[in-house]
Amino acid sequence: MKLPGPDHPITITQNPRRVRVTAGDIVIAESTKALTLKEARYPAVQYLPREDANMALLERTARTTHCPYKGDASYYSIKADGKTLDNAIWTYETPFPAMTEISGHLAFYPDKVKIEEVG
């Protein structure tokens, strides 16, 4: 486990805007409680609370990955509109202590879904 610091900063802030995630015309998640995670030089990622997602459209997959700063990630595919978007979502169900804020939240690959700030 590594801790964020000056050489690898990670910040988590409340996004003041509504964040909507869609696959085609289907809304997968929409929230006014999204968290914006900024990590080092990577693009910012929106983490939406699980309760603001349509979990009926999601299917857990066997894929897992490990981040030395955040912990072990689990993945979901999206099944909507007759299509499957494989491993389009990741989540840290039991993140490392420095990242507990993202527990219970979902993040989405922007090349698989549309993520937009609205309102």
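Okay, let's start with Glu-39, which is found in strand 4; strands here are DSSP runs of E with at least two residues, numbered from the N terminus. Is Glu-39 buried or exposed? Glu-39 counts as buried, because its relative accessibility is 9%. For the cut-offs, buried means under 20% relative accessible area, exposed means over 50%, and partly exposed is in between, using a 1.4 Å probe and protein chains only.

And what is Glu-39 in contact with, if we leave aside its neighbours within four places in sequence? The contacts are His-8, Pro-9, Ile-10, Cys-67, Tyr-69 and Lys-70, where contact means heavy atoms within 4.5 Å.

Quick word on where this comes from. It's a predicted model, so to speak of a local feature we need pLDDT of at least 70, side-chain atom pairs count only at pLDDT 80 or more, and totals for chains, interfaces and linings use all residues. Residues are numbered from 1 along each chain as its sequence is written, and side-chain values use heavy atoms, with hydrogens and water left out.

Back to strand 4. This strand covers residues 35-39 and is mostly covered, with four of its five residues buried. Strand 1, residues 10-14, runs antiparallel to strand 4, and five bridges join them. Two strands pair, by the way, if DSSP finds at least two bridges between them. Look for Ile-12 there: its bridge partner in strand 4 is Leu-37.

Strand 4 is also joined to strand 5, residues 45-49, by three bridges, again antiparallel. Here Leu-35 has Tyr-47 as its bridge partner in strand 5. The hairpin of these two strands has five residues between them, and Ala-40 takes a positive phi near 45 degrees.

Rings of Phe, Tyr and Trp (the six-membered ring for Trp) pair if their centres lie within 6.5 Å; planes under 30 degrees apart count as stacked, over 60 as edge-to-face, and the rest as tilted. How many aromatic pairs does that give? The count comes to two. Tyr-47 and Trp-90 have ring centres 6.3 Å apart and planes at 90 degrees, so that pair is edge-to-face. Tyr-47 sits in strand 5 and Trp-90 in strand 8 (residues 83-91), so the pair ties together parts that are 43 residues apart in sequence.

Then there's Trp-90 with Tyr-109, a tilted pair at 4.6 Å centre to centre, with 50 degrees between the planes. Tyr-109 is in the loop between strand 9 (105-108) and strand 10, so this pair with Trp-90 of strand 8 links parts 19 residues apart in sequence. Put together, Tyr-47, Trp-90 and Tyr-109 form one aromatic cluster. Trp-90 is buried, with a relative accessible area of 11%, while Tyr-109 counts as partly exposed at 26%.

The charged end of Arg-63 sits over the ring of Tyr-75, 4.7 Å from its centre. The rule for that is NZ of Lys or CZ of Arg within 6 Å of the ring centre and within 35 degrees of the ring normal.

Three strands form it in the order 3-2-10, with antiparallel pairing. The edge strands, each pairing on one side only, are strand 3 (26-31) and strand 10 (114-118). Strand 2, residues 18-23, is joined to strand 3 by five bridges, and Arg-20 stands opposite Glu-30 in strand 3.
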